[in-house]
Amino acid sequence: MALVPRVEKNISTLLLKLQPQVKRLEFTPEQRAIWDVVRAENNIMLRGRAQSGKSLAIAVLALNRALTHAPVKPKRFYDSLIVVPTDDLLRKYKFYLESAIADLPELCCPSRETQESEIGYETFGAEFVDTDGQSTFLSTGESKVPQLVVLTPSGLRNLLSKRKNFFSSIRLIALDDVDFMLSSTGCGKSKNFVQQGDNGKLQSKVLDSVKQILKVHRDTFTNKVKQRLHDVELRYDSNLSFAASKYVIDRPIESEEAFPENFNEKLVSKLLGVKNKLTYRPVQFCITGELNFPITSSIDGTEKTASQLRHLIDIHLKEDTFFLKERRLVDMDELNLDNHRNWTELFTALPPNVYFASAKSKSGYKKVKVKQLELNYLQGLSRLSFHIKELQTYCLNNHQKKYLRNRVMDRDASGFESMLRKALLKFYTVSKSTQPFLIVVPPQVDLKTIPEDCAPKFPTKVYEPSNSTESLEHFFSENDSHLCIHPHHLIGQSFSGVQNIMVVGLDSLLSATAFEKEVQPDHLLGLLNPNMDLLCFYLKKLMASRSALMDANLLFIKEDIARKSDTDRQHKLELDLEKLEQILLTSDIAQYANIKHF
(Lines give C-alpha, C1' and ligand atoms only; values in the text may rest on other atoms or scores of the structure.)
Protein backbone atom coordinates (compact mmCIF):
# COMPACT_ATOMS: atom_id res chain seq x y z
CA MET A 1 0.00 0.00 0.00
CA ALA A 2 1.33 3.41 -0.97
CA LEU A 3 1.19 5.66 2.09
CA VAL A 4 0.53 9.38 1.91
CA PRO A 5 4.12 10.79 1.90
CA ARG A 6 3.64 13.00 4.98
CA VAL A 7 2.11 10.09 6.93
CA GLU A 8 4.94 7.76 5.92
CA LYS A 9 7.50 10.34 7.06
CA ASN A 10 5.74 10.82 10.41
CA ILE A 11 5.54 7.07 11.02
CA SER A 12 9.22 6.65 10.17
CA THR A 13 10.12 9.38 12.65
CA LEU A 14 7.95 7.74 15.31
CA LEU A 15 9.45 4.26 14.83
CA LEU A 16 13.02 5.53 14.91
CA LYS A 17 12.18 7.39 18.12
CA LEU A 18 10.70 4.26 19.74
CA GLN A 19 13.49 2.03 18.42
CA PRO A 20 16.66 4.14 18.40
CA GLN A 21 18.79 1.01 17.92
CA VAL A 22 17.28 0.55 14.43
CA LYS A 23 19.37 2.35 11.83
CA ARG A 24 17.26 1.59 8.76
CA LEU A 25 13.49 1.42 8.93
CA GLU A 26 11.77 -1.57 7.33
CA PHE A 27 8.12 -2.46 7.66
CA THR A 28 7.46 -5.98 8.97
CA PRO A 29 5.89 -8.78 6.89
CA GLU A 30 2.81 -8.57 9.10
CA GLN A 31 2.39 -4.85 8.40
CA ARG A 32 2.82 -5.30 4.66
CA ALA A 33 0.37 -8.21 4.68
CA ILE A 34 -2.32 -6.09 6.36
CA TRP A 35 -1.85 -3.22 3.95
CA ASP A 36 -1.60 -5.30 0.76
CA VAL A 37 -4.56 -7.59 1.47
CA VAL A 38 -6.92 -4.78 2.46
CA ARG A 39 -5.79 -2.63 -0.45
CA ALA A 40 -6.73 -5.53 -2.75
CA GLU A 41 -10.25 -5.29 -1.22
CA ASN A 42 -10.01 -8.66 0.53
CA ASN A 43 -10.32 -9.69 4.18
CA ILE A 44 -7.41 -10.73 6.37
CA MET A 45 -7.19 -12.86 9.51
CA LEU A 46 -3.63 -12.59 10.76
CA ARG A 47 -2.02 -14.35 13.71
CA GLY A 48 1.38 -12.70 13.90
CA ARG A 49 4.45 -12.39 16.07
CA ALA A 50 4.71 -10.27 19.20
CA GLN A 51 5.67 -6.65 18.63
CA SER A 52 5.48 -6.94 14.84
CA GLY A 53 3.61 -3.64 14.51
CA LYS A 54 0.13 -5.00 13.75
CA SER A 55 -1.69 -2.26 15.71
CA LEU A 56 0.36 0.47 14.07
CA ALA A 57 -0.38 -1.03 10.66
CA ILE A 58 -4.13 -0.97 11.36
CA ALA A 59 -4.01 2.65 12.58
CA VAL A 60 -2.06 3.77 9.50
CA LEU A 61 -4.35 1.76 7.21
CA ALA A 62 -7.48 3.47 8.56
CA LEU A 63 -5.86 6.91 8.37
CA ASN A 64 -4.56 6.35 4.85
CA ARG A 65 -8.01 5.27 3.65
CA ALA A 66 -9.57 8.44 5.08
CA LEU A 67 -6.94 10.55 3.30
CA THR A 68 -7.33 8.85 -0.09
CA HIS A 69 -10.97 7.65 -0.36
CA ALA A 70 -13.97 9.92 -0.85
CA PRO A 71 -17.07 9.00 1.19
CA VAL A 72 -19.70 6.88 -0.52
CA LYS A 73 -22.40 9.47 0.24
CA PRO A 74 -22.40 13.25 0.83
CA LYS A 75 -23.29 12.96 4.52
CA ARG A 76 -20.22 11.73 6.38
CA PHE A 77 -20.54 8.73 8.70
CA TYR A 78 -17.93 6.40 10.20
CA ASP A 79 -15.67 4.88 7.56
CA SER A 80 -13.44 2.61 9.70
CA LEU A 81 -14.03 0.90 13.05
CA ILE A 82 -11.26 -0.53 15.26
CA VAL A 83 -12.16 -2.64 18.32
CA VAL A 84 -9.45 -3.25 20.96
CA PRO A 85 -9.55 -5.20 24.26
CA THR A 86 -8.20 -2.54 26.67
CA ASP A 87 -8.26 1.18 27.36
CA ASP A 88 -4.45 1.06 27.37
CA LEU A 89 -4.38 -0.13 23.76
CA LEU A 90 -7.01 2.49 22.93
CA ARG A 91 -4.63 5.19 24.21
CA LYS A 92 -1.81 3.68 22.17
CA TYR A 93 -3.89 4.03 19.00
CA LYS A 94 -4.44 7.68 19.87
CA PHE A 95 -0.69 8.10 20.35
CA TYR A 96 0.00 6.51 16.95
CA LEU A 97 -2.58 8.67 15.16
CA GLU A 98 -1.44 11.88 16.88
CA SER A 99 2.05 11.18 15.58
CA ALA A 100 0.85 10.21 12.10
CA ILE A 101 -1.25 13.34 11.42
CA ALA A 102 1.39 15.85 12.59
CA ASP A 103 1.69 18.75 10.13
CA LEU A 104 -1.14 17.52 7.90
CA PRO A 105 -3.20 20.39 6.41
CA GLU A 106 -6.54 21.05 8.08
CA LEU A 107 -8.55 20.05 4.98
CA CYS A 108 -6.88 16.78 4.02
CA CYS A 109 -9.67 14.23 3.43
CA PRO A 110 -11.68 14.03 0.17
CA SER A 111 -15.40 14.81 0.49
CA ARG A 112 -18.52 15.56 -1.56
CA GLU A 113 -21.11 18.30 -1.15
CA THR A 114 -23.62 16.26 -3.17
CA GLN A 115 -23.58 12.80 -4.76
CA GLU A 116 -22.88 14.31 -8.17
CA SER A 117 -20.49 17.11 -7.17
CA GLU A 118 -16.75 17.20 -7.65
CA ILE A 119 -14.42 16.10 -4.88
CA GLY A 120 -13.68 18.69 -2.21
CA TYR A 121 -11.75 18.37 1.05
CA GLU A 122 -12.57 18.26 4.76
CA THR A 123 -10.81 17.68 8.07
CA PHE A 124 -9.67 14.28 9.35
CA GLY A 125 -11.20 13.19 12.64
CA ALA A 126 -10.91 10.17 14.96
CA GLU A 127 -13.04 9.32 18.00
CA PHE A 128 -11.86 7.14 20.91
CA VAL A 129 -14.54 5.59 23.16
CA ASP A 130 -13.31 3.96 26.36
CA THR A 131 -14.92 1.29 28.51
CA ASP A 132 -16.97 3.84 30.48
CA GLY A 133 -18.40 5.27 27.26
CA GLN A 134 -16.34 8.47 27.49
CA SER A 135 -15.25 9.89 24.12
CA THR A 136 -12.12 11.83 23.23
CA PHE A 137 -11.42 13.28 19.80
CA LEU A 138 -8.46 13.90 17.56
CA SER A 139 -8.63 15.93 14.35
CA THR A 140 -6.79 18.23 11.99
CA GLY A 141 -9.47 20.89 12.48
CA GLU A 142 -13.14 21.23 13.39
CA SER A 143 -14.64 17.83 12.55
CA LYS A 144 -18.39 17.06 12.57
CA VAL A 145 -18.38 13.27 12.29
CA PRO A 146 -15.00 11.49 12.45
CA GLN A 147 -13.98 9.05 9.73
CA LEU A 148 -12.41 6.67 12.26
CA VAL A 149 -13.60 5.36 15.62
CA VAL A 150 -11.51 3.25 18.03
CA LEU A 151 -13.21 1.61 21.02
CA THR A 152 -13.40 -1.31 23.43
CA PRO A 153 -16.28 -3.86 23.29
CA SER A 154 -18.13 -1.97 26.04
CA GLY A 155 -17.49 1.33 24.27
CA LEU A 156 -18.85 -0.15 21.04
CA ARG A 157 -21.98 -1.38 22.77
CA ASN A 158 -22.50 2.06 24.28
CA LEU A 159 -22.05 3.83 20.94
CA LEU A 160 -24.39 1.44 19.13
CA SER A 161 -27.17 2.30 21.57
CA LYS A 162 -26.80 6.01 20.74
CA ARG A 163 -25.67 6.28 17.10
CA LYS A 164 -26.44 3.03 15.28
CA ASN A 165 -27.08 4.89 11.99
CA PHE A 166 -23.50 6.23 12.03
CA PHE A 167 -22.34 2.71 11.09
CA SER A 168 -24.49 2.56 7.95
CA SER A 169 -21.62 3.29 5.55
CA ILE A 170 -18.79 1.58 7.45
CA ARG A 171 -16.22 0.13 5.05
CA LEU A 172 -13.60 -1.47 7.34
CA ILE A 173 -13.89 -3.29 10.67
CA ALA A 174 -10.64 -4.18 12.47
CA LEU A 175 -10.64 -6.47 15.51
CA ASP A 176 -7.21 -6.12 17.10
CA ASP A 177 -5.97 -8.82 19.51
CA VAL A 178 -9.33 -10.51 19.13
CA ASP A 179 -8.28 -13.66 21.04
CA PHE A 180 -8.29 -11.80 24.34
CA MET A 181 -11.84 -10.55 23.70
CA LEU A 182 -13.08 -14.10 23.08
CA SER A 183 -11.17 -16.00 25.79
CA SER A 184 -11.73 -13.77 28.83
CA THR A 185 -14.74 -12.14 30.47
CA GLY A 186 -13.07 -8.72 30.68
CA CYS A 187 -9.71 -6.99 30.40
CA GLY A 188 -8.45 -4.42 32.89
CA LYS A 189 -11.26 -1.89 33.22
CA SER A 190 -12.91 -3.29 30.08
CA LYS A 191 -15.43 -5.50 31.86
CA ASN A 192 -18.13 -7.72 30.47
CA PHE A 193 -16.78 -9.08 27.20
CA VAL A 194 -19.81 -11.39 27.38
CA GLN A 195 -23.51 -10.59 27.56
CA GLN A 196 -26.85 -12.36 27.57
CA GLY A 197 -28.28 -12.92 24.12
CA ASP A 198 -31.89 -13.01 22.96
CA ASN A 199 -32.02 -16.76 23.60
CA GLY A 200 -30.85 -16.29 27.19
CA LYS A 201 -27.41 -17.74 26.53
CA LEU A 202 -24.23 -15.82 27.28
CA GLN A 203 -22.32 -14.77 24.18
CA SER A 204 -19.46 -12.58 23.01
CA LYS A 205 -20.24 -8.86 23.19
CA VAL A 206 -17.89 -7.92 20.35
CA LEU A 207 -19.27 -10.56 17.96
CA ASP A 208 -22.87 -9.59 18.72
CA SER A 209 -22.11 -5.88 18.25
CA VAL A 210 -20.39 -6.48 14.92
CA LYS A 211 -23.36 -8.54 13.73
CA GLN A 212 -25.61 -5.57 14.53
CA ILE A 213 -23.36 -3.27 12.50
CA LEU A 214 -23.39 -5.67 9.54
CA LYS A 215 -27.19 -5.74 9.67
CA VAL A 216 -27.34 -1.92 9.69
CA HIS A 217 -24.94 -1.86 6.73
CA ARG A 218 -26.97 -4.43 4.77
CA ASP A 219 -30.31 -2.78 5.58
CA THR A 220 -28.97 0.59 4.39
CA PHE A 221 -28.08 -0.91 1.02
CA THR A 222 -31.43 -2.71 0.80
CA ASN A 223 -33.28 0.56 1.48
CA LYS A 224 -31.20 2.28 -1.20
CA VAL A 225 -32.19 -0.38 -3.75
CA LYS A 226 -35.80 -0.24 -2.58
CA GLN A 227 -35.93 3.52 -3.15
CA ARG A 228 -34.55 3.10 -6.68
CA LEU A 229 -37.15 0.46 -7.48
CA HIS A 230 -39.95 2.56 -6.01
CA ASP A 231 -38.96 5.46 -8.28
CA VAL A 232 -39.18 3.15 -11.32
CA GLU A 233 -42.45 1.56 -10.24
CA LEU A 234 -44.10 4.95 -9.68
CA ARG A 235 -43.69 5.68 -13.37
CA TYR A 236 -45.67 2.54 -14.20
CA ASP A 237 -48.23 2.44 -11.38
CA SER A 238 -49.27 5.27 -9.07
CA ASN A 239 -51.17 3.20 -6.49
CA LEU A 240 -48.04 3.14 -4.23
CA SER A 241 -48.45 -0.49 -3.20
CA PHE A 242 -44.96 -1.28 -4.55
CA ALA A 243 -45.81 -4.98 -4.67
CA ALA A 244 -43.59 -5.56 -7.71
CA SER A 245 -40.65 -3.82 -6.00
CA LYS A 246 -41.05 -6.00 -2.92
CA TYR A 247 -41.13 -9.13 -5.07
CA VAL A 248 -37.97 -8.09 -6.94
CA ILE A 249 -36.15 -7.18 -3.70
CA ASP A 250 -36.85 -10.64 -2.24
CA ARG A 251 -36.22 -12.61 -5.43
CA PRO A 252 -32.91 -14.58 -5.37
CA ILE A 253 -30.41 -13.55 -8.03
CA GLU A 254 -30.16 -17.04 -9.48
CA SER A 255 -33.91 -17.68 -9.49
CA GLU A 256 -35.39 -18.92 -12.79
CA GLU A 257 -38.98 -19.18 -11.67
CA ALA A 258 -41.66 -17.48 -13.76
CA PHE A 259 -43.00 -14.11 -12.68
CA PRO A 260 -46.35 -14.12 -10.83
CA GLU A 261 -49.29 -13.72 -13.23
CA ASN A 262 -50.70 -10.71 -11.35
CA PHE A 263 -47.54 -8.64 -12.08
CA ASN A 264 -46.74 -6.61 -15.18
CA GLU A 265 -43.95 -8.68 -16.78
CA LYS A 266 -42.38 -5.63 -18.41
CA LEU A 267 -42.32 -3.77 -15.10
CA VAL A 268 -40.77 -6.70 -13.22
CA SER A 269 -38.10 -7.12 -15.92
CA LYS A 270 -37.32 -3.41 -15.69
CA LEU A 271 -37.05 -3.58 -11.91
CA LEU A 272 -34.77 -6.65 -12.07
CA GLY A 273 -32.53 -4.80 -14.52
CA VAL A 274 -32.19 -1.86 -12.08
CA LYS A 275 -31.55 -4.15 -9.11
CA ASN A 276 -28.93 -6.24 -10.91
CA LYS A 277 -26.87 -3.16 -11.71
CA LEU A 278 -26.45 -2.42 -8.00
CA THR A 279 -23.73 -4.51 -6.31
CA TYR A 280 -23.57 -4.95 -2.56
CA ARG A 281 -20.05 -4.32 -1.24
CA PRO A 282 -19.65 -6.17 2.08
CA VAL A 283 -17.68 -4.60 4.93
CA GLN A 284 -13.99 -5.47 4.85
CA PHE A 285 -12.40 -7.17 7.87
CA CYS A 286 -8.92 -6.99 9.34
CA ILE A 287 -8.61 -9.39 12.30
CA THR A 288 -5.41 -9.91 14.27
CA GLY A 289 -4.70 -12.42 17.00
CA GLU A 290 -2.04 -14.32 18.87
CA LEU A 291 0.22 -16.77 17.07
CA ASN A 292 0.48 -19.53 19.67
CA PHE A 293 2.52 -21.83 17.48
CA PRO A 294 3.13 -24.76 17.83
CA ILE A 295 -0.02 -25.53 19.84
CA THR A 296 -2.29 -28.02 18.11
CA SER A 297 -5.40 -26.07 17.14
CA SER A 298 -7.71 -29.04 17.70
CA ILE A 299 -6.66 -29.03 21.36
CA ASP A 300 -6.33 -25.40 22.39
CA GLY A 301 -9.58 -24.06 20.88
CA THR A 302 -7.97 -21.79 18.29
CA GLU A 303 -9.79 -23.48 15.41
CA LYS A 304 -13.20 -22.96 17.03
CA THR A 305 -12.44 -19.26 17.46
CA ALA A 306 -11.27 -19.00 13.85
CA SER A 307 -14.44 -20.77 12.66
CA GLN A 308 -16.64 -18.23 14.47
CA LEU A 309 -14.70 -15.35 12.96
CA ARG A 310 -14.96 -16.81 9.45
CA HIS A 311 -18.72 -17.12 9.96
CA LEU A 312 -18.83 -13.45 10.98
CA ILE A 313 -16.88 -12.35 7.90
CA ASP A 314 -19.08 -14.39 5.55
CA ILE A 315 -22.40 -13.68 7.23
CA HIS A 316 -23.59 -11.73 4.17
CA LEU A 317 -23.39 -14.91 2.07
CA LYS A 318 -26.61 -16.10 3.74
CA GLU A 319 -28.43 -13.54 1.61
CA ASP A 320 -28.72 -14.36 -2.11
CA THR A 321 -30.93 -11.52 -3.29
CA PHE A 322 -28.18 -9.15 -4.52
CA PHE A 323 -25.03 -9.39 -6.55
CA LEU A 324 -22.03 -9.24 -4.19
CA LYS A 325 -18.56 -7.81 -4.46
CA GLU A 326 -16.45 -10.91 -3.85
CA ARG A 327 -13.91 -10.63 -1.04
CA ARG A 328 -11.40 -13.38 -0.45
CA LEU A 329 -10.42 -14.28 3.12
CA VAL A 330 -6.63 -14.45 3.45
CA ASP A 331 -5.08 -16.06 6.50
CA MET A 332 -1.49 -16.67 7.66
CA ASP A 333 -1.06 -19.84 5.65
CA GLU A 334 -1.61 -17.92 2.42
CA LEU A 335 0.80 -15.04 3.08
CA ASN A 336 4.25 -16.60 2.60
CA LEU A 337 4.77 -15.80 6.28
CA ASP A 338 5.97 -19.19 7.46
CA ASN A 339 4.62 -19.56 11.02
CA HIS A 340 7.31 -21.98 12.07
CA ARG A 341 10.09 -19.85 10.62
CA ASN A 342 8.82 -16.67 12.28
CA TRP A 343 8.53 -18.40 15.64
CA THR A 344 11.97 -20.06 15.51
CA GLU A 345 13.73 -16.94 14.23
CA LEU A 346 13.29 -15.50 17.73
CA PHE A 347 15.51 -18.27 19.12
CA THR A 348 18.50 -18.02 16.76
CA ALA A 349 20.72 -16.60 19.52
CA LEU A 350 20.92 -17.91 23.08
CA PRO A 351 17.81 -20.01 23.81
CA PRO A 352 15.75 -18.67 26.71
CA ASN A 353 15.60 -20.30 30.10
CA VAL A 354 12.18 -21.13 31.54
CA TYR A 355 12.14 -21.69 35.32
CA PHE A 356 9.32 -23.22 37.34
CA ALA A 357 9.54 -22.19 40.98
CA SER A 358 7.35 -23.45 43.81
CA ALA A 359 6.15 -21.76 46.95
CA LYS A 360 8.23 -22.89 49.93
CA SER A 361 6.63 -25.30 52.37
CA LYS A 362 6.35 -24.14 55.98
CA SER A 363 5.18 -25.37 59.37
CA GLY A 364 1.55 -26.47 59.34
CA TYR A 365 1.44 -26.63 55.54
CA LYS A 366 1.56 -29.59 53.17
CA LYS A 367 3.35 -29.49 49.85
CA VAL A 368 1.15 -30.97 47.14
CA LYS A 369 3.01 -33.70 45.27
CA VAL A 370 3.98 -32.66 41.76
CA LYS A 371 2.40 -34.90 39.15
CA GLN A 372 4.67 -37.38 37.38
CA LEU A 373 3.65 -35.97 34.00
CA GLU A 374 5.18 -32.60 34.82
CA LEU A 375 8.38 -34.23 36.08
CA ASN A 376 8.60 -36.19 32.85
CA TYR A 377 8.11 -33.02 30.85
CA LEU A 378 10.83 -31.17 32.71
CA GLN A 379 13.17 -34.09 32.07
CA GLY A 380 12.37 -33.96 28.37
CA LEU A 381 10.62 -37.35 28.34
CA SER A 382 7.06 -36.30 27.47
CA ARG A 383 5.93 -35.89 23.89
CA LEU A 384 2.69 -34.35 22.74
CA SER A 385 1.97 -37.29 20.41
CA PHE A 386 1.76 -39.64 23.41
CA HIS A 387 -1.06 -37.65 25.02
CA ILE A 388 -3.25 -36.36 22.14
CA LYS A 389 -6.44 -38.26 23.06
CA GLU A 390 -6.06 -37.56 26.77
CA LEU A 391 -5.47 -33.86 26.12
CA GLN A 392 -8.36 -33.54 23.68
CA THR A 393 -10.72 -34.89 26.34
CA TYR A 394 -9.24 -32.68 29.05
CA CYS A 395 -9.44 -29.55 26.87
CA LEU A 396 -13.11 -29.86 25.96
CA ASN A 397 -14.84 -26.50 26.48
CA ASN A 398 -17.37 -27.79 28.99
CA HIS A 399 -14.65 -29.43 31.10
CA GLN A 400 -12.56 -26.25 31.08
CA LYS A 401 -15.52 -24.01 31.97
CA LYS A 402 -16.35 -26.24 34.92
CA TYR A 403 -12.74 -26.12 36.14
CA LEU A 404 -12.56 -22.33 35.74
CA ARG A 405 -15.90 -21.68 37.46
CA ASN A 406 -14.75 -23.62 40.51
CA ARG A 407 -11.38 -21.88 40.45
CA VAL A 408 -12.61 -18.27 40.37
CA MET A 409 -14.82 -18.86 43.40
CA ASP A 410 -11.72 -18.71 45.62
CA ARG A 411 -9.04 -16.33 44.36
CA ASP A 412 -6.46 -15.20 46.91
CA ALA A 413 -4.43 -12.00 46.58
CA SER A 414 -2.30 -12.52 49.69
CA GLY A 415 1.10 -14.06 50.20
CA PHE A 416 2.54 -13.37 46.77
CA GLU A 417 5.23 -11.00 48.11
CA SER A 418 6.82 -13.76 50.16
CA MET A 419 6.78 -16.08 47.15
CA LEU A 420 8.27 -13.36 44.95
CA ARG A 421 11.11 -12.47 47.32
CA LYS A 422 12.18 -16.08 47.96
CA ALA A 423 12.01 -17.05 44.29
CA LEU A 424 14.09 -14.06 43.16
CA LEU A 425 16.71 -14.59 45.88
CA LYS A 426 17.18 -18.13 44.66
CA PHE A 427 17.10 -17.08 41.00
CA TYR A 428 19.93 -14.56 41.41
CA THR A 429 21.90 -17.26 43.26
CA VAL A 430 21.60 -19.98 40.61
CA SER A 431 21.49 -17.74 37.52
CA LYS A 432 24.16 -15.59 35.88
CA SER A 433 21.63 -12.83 35.22
CA THR A 434 22.07 -9.47 36.93
CA GLN A 435 19.15 -7.75 35.18
CA PRO A 436 15.88 -6.60 36.81
CA PHE A 437 12.52 -8.28 36.20
CA LEU A 438 9.26 -7.36 34.56
CA ILE A 439 6.95 -8.89 37.20
CA VAL A 440 3.45 -9.91 36.12
CA VAL A 441 1.07 -10.31 39.07
CA PRO A 442 -2.56 -11.53 39.07
CA PRO A 443 -5.27 -8.90 38.50
CA GLN A 444 -6.65 -9.28 42.04
CA VAL A 445 -3.36 -7.92 43.45
CA ASP A 446 -3.62 -4.15 43.92
CA LEU A 447 -0.48 -2.62 42.40
CA LYS A 448 -0.74 0.38 44.73
CA THR A 449 -0.12 -1.86 47.73
CA ILE A 450 3.17 -3.29 46.45
CA PRO A 451 6.09 -1.81 48.44
CA GLU A 452 9.25 -0.61 46.75
CA ASP A 453 11.38 -3.11 48.70
CA CYS A 454 9.26 -6.20 47.97
CA ALA A 455 11.92 -7.80 45.74
CA PRO A 456 15.70 -8.24 46.14
CA LYS A 457 18.59 -6.64 44.23
CA PHE A 458 16.57 -3.75 42.72
CA PRO A 459 13.82 -1.42 43.93
CA THR A 460 10.35 -2.19 42.60
CA LYS A 461 8.19 0.25 40.67
CA VAL A 462 4.61 -0.35 39.58
CA TYR A 463 2.64 0.47 36.46
CA GLU A 464 0.89 3.84 36.61
CA PRO A 465 -2.02 4.80 34.33
CA SER A 466 -0.15 8.02 33.60
CA ASN A 467 2.78 6.10 32.07
CA SER A 468 3.14 7.00 28.40
CA THR A 469 3.76 4.49 25.61
CA GLU A 470 7.29 5.87 25.20
CA SER A 471 8.17 5.72 28.90
CA LEU A 472 7.09 2.08 29.12
CA GLU A 473 8.91 1.22 25.90
CA HIS A 474 12.21 2.50 27.35
CA PHE A 475 11.60 1.66 31.02
CA PHE A 476 14.40 -0.91 31.36
CA SER A 477 16.96 1.20 29.53
CA GLU A 478 16.23 4.20 31.75
CA ASN A 479 15.60 2.54 35.15
CA ASP A 480 17.55 0.11 37.32
CA SER A 481 14.47 -1.37 38.94
CA HIS A 482 11.88 -4.11 38.69
CA LEU A 483 8.50 -3.18 37.24
CA CYS A 484 5.22 -4.75 38.46
CA ILE A 485 2.31 -4.90 36.04
CA HIS A 486 -0.94 -6.79 35.47
CA PRO A 487 -1.20 -9.16 32.49
CA HIS A 488 -3.41 -6.82 30.44
CA HIS A 489 -0.71 -4.13 30.50
CA LEU A 490 1.31 -6.32 28.11
CA ILE A 491 -1.36 -6.28 25.39
CA GLY A 492 -0.05 -4.08 22.62
CA GLN A 493 2.80 -2.73 24.78
CA SER A 494 6.53 -3.26 24.23
CA PHE A 495 9.25 -3.19 26.91
CA SER A 496 12.50 -2.81 25.02
CA GLY A 497 15.53 -4.48 26.55
CA VAL A 498 13.75 -6.59 29.16
CA GLN A 499 15.80 -9.75 29.83
CA ASN A 500 13.74 -11.30 32.64
CA ILE A 501 10.00 -11.79 33.06
CA MET A 502 8.39 -13.28 36.15
CA VAL A 503 4.81 -14.58 36.04
CA VAL A 504 3.21 -15.01 39.46
CA GLY A 505 0.56 -17.71 39.92
CA LEU A 506 -1.66 -19.70 37.60
CA ASP A 507 -4.20 -16.85 37.55
CA SER A 508 -1.68 -14.89 35.47
CA LEU A 509 -1.23 -17.79 33.07
CA LEU A 510 -4.88 -18.45 32.13
CA SER A 511 -6.53 -16.02 29.74
CA ALA A 512 -9.89 -16.52 31.46
CA THR A 513 -8.53 -15.29 34.82
CA ALA A 514 -5.53 -13.12 33.91
CA PHE A 515 -7.28 -9.97 32.76
CA GLU A 516 -10.17 -9.26 35.12
CA LYS A 517 -10.04 -8.60 38.86
CA GLU A 518 -13.46 -10.01 39.71
CA VAL A 519 -14.47 -12.76 37.30
CA GLN A 520 -18.15 -13.69 37.46
CA PRO A 521 -18.36 -17.52 37.31
CA ASP A 522 -21.46 -17.48 35.11
CA HIS A 523 -19.76 -15.18 32.58
CA LEU A 524 -17.24 -17.95 31.86
CA LEU A 525 -20.04 -19.83 30.10
CA GLY A 526 -19.94 -17.23 27.32
CA LEU A 527 -16.27 -17.77 26.40
CA LEU A 528 -15.53 -19.07 22.92
CA ASN A 529 -12.11 -20.41 23.94
CA PRO A 530 -11.87 -21.01 27.71
CA ASN A 531 -8.75 -23.11 27.17
CA MET A 532 -6.43 -20.30 26.02
CA ASP A 533 -3.26 -19.88 28.07
CA LEU A 534 -0.58 -17.16 28.00
CA LEU A 535 2.67 -19.13 28.28
CA CYS A 536 3.64 -18.57 24.65
CA PHE A 537 2.37 -14.97 24.87
CA TYR A 538 4.84 -14.20 27.68
CA LEU A 539 7.63 -16.08 25.97
CA LYS A 540 7.07 -14.19 22.71
CA LYS A 541 7.10 -10.86 24.55
CA LEU A 542 10.41 -11.80 26.17
CA MET A 543 12.05 -12.96 22.95
CA ALA A 544 10.90 -9.91 20.98
CA SER A 545 12.25 -7.51 23.62
CA ARG A 546 15.48 -9.04 24.89
CA SER A 547 19.04 -8.48 23.77
CA ALA A 548 20.26 -11.57 21.91
CA LEU A 549 23.69 -11.20 23.54
CA MET A 550 22.49 -12.05 27.06
CA ASP A 551 20.47 -14.79 28.70
CA ALA A 552 16.72 -14.32 28.64
CA ASN A 553 14.73 -15.83 31.51
CA LEU A 554 11.04 -16.53 32.05
CA LEU A 555 10.31 -17.42 35.67
CA PHE A 556 6.92 -18.83 36.62
CA ILE A 557 5.99 -19.17 40.30
CA LYS A 558 3.33 -21.77 40.96
CA GLU A 559 1.41 -22.22 44.17
CA ASP A 560 1.54 -25.75 45.55
CA ILE A 561 1.22 -25.55 49.34
CA ALA A 562 -1.87 -25.75 51.52
CA ARG A 563 -2.65 -26.20 55.20
CA LYS A 564 -2.58 -29.85 56.21
CA SER A 565 -6.14 -29.54 57.48
CA ASP A 566 -7.44 -27.87 54.29
CA THR A 567 -8.25 -30.84 52.05
CA ASP A 568 -10.41 -28.72 49.74
CA ARG A 569 -7.47 -26.40 49.04
CA GLN A 570 -5.20 -29.37 48.45
CA HIS A 571 -7.64 -30.78 45.90
CA LYS A 572 -7.81 -27.44 44.05
CA LEU A 573 -4.02 -27.29 43.88
CA GLU A 574 -3.99 -30.79 42.40
CA LEU A 575 -6.37 -29.58 39.69
CA ASP A 576 -4.17 -26.53 39.08
CA LEU A 577 -1.13 -28.74 38.61
CA GLU A 578 -3.10 -30.86 36.16
CA LYS A 579 -3.90 -27.69 34.19
CA LEU A 580 -0.24 -26.65 34.23
CA GLU A 581 0.73 -30.05 32.85
CA GLN A 582 -1.72 -29.58 29.97
CA ILE A 583 -0.24 -26.15 29.20
CA LEU A 584 3.29 -27.54 29.20
CA LEU A 585 2.40 -30.39 26.88
CA THR A 586 0.33 -28.42 24.37
CA SER A 587 2.77 -25.49 24.15
CA ASP A 588 5.71 -27.91 23.80
CA ILE A 589 8.23 -25.14 24.52
CA ALA A 590 10.94 -27.67 25.47
CA GLN A 591 12.11 -27.73 21.85
CA TYR A 592 12.83 -23.96 21.98
CA ALA A 593 13.84 -23.26 25.57
CA ASN A 594 15.91 -24.66 28.41
CA ILE A 595 13.33 -25.88 30.96
CA LYS A 596 14.48 -25.67 34.56
CA HIS A 597 12.88 -26.38 37.93
CA PHE A 598 14.03 -25.06 41.29
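Which side chain of opposite charge is nearest to Lys275, and how far away is it? I noted first that this is a predicted model, in which local features need pLDDT of at least 70 and side-chain atom pairs count only at pLDDT 80 or more, while totals for chains, interfaces and linings use all residues. Residues are numbered from 1 along each chain as its sequence is written, and side-chain values use heavy atoms, without hydrogens and water.

Entry 1, Lys275. I found Lys275 in helix α9 (helices are DSSP runs of H or I, at least four residues, numbered from the N terminus). Lys275 is buried (under 20% relative accessible area, 1.4 Å probe, protein chains only). The nearest side chain of opposite charge is Asp250, 7.5 Å away, and Lys275 has no salt bridge (a side-chain nitrogen of Lys or Arg within 4 Å of a carboxyl oxygen of Asp or Glu). Beyond its neighbours within four places in sequence, I listed its contacts (heavy atoms within 4.5 Å); among them are Val225, Leu229, Arg251 and Phe322.

I looked up residues 153–163, where the buried residues include Pro153, Leu156 and Leu160. The buried residues of α5 pack against several elements, including β7 (148–151) and α7 (205–236).

I located Glu256 in the loop between α8 (243–250) and α9 (265–276). Glu256 is exposed, with a relative accessible area of 78% (exposed means over 50%).

Definitions and conventions:
Helix = DSSP H or I, 4+ residues; strand = E, 2+ residues; numbered from the N terminus. Lys, Arg positive; Asp, Glu negative; His and termini not counted.
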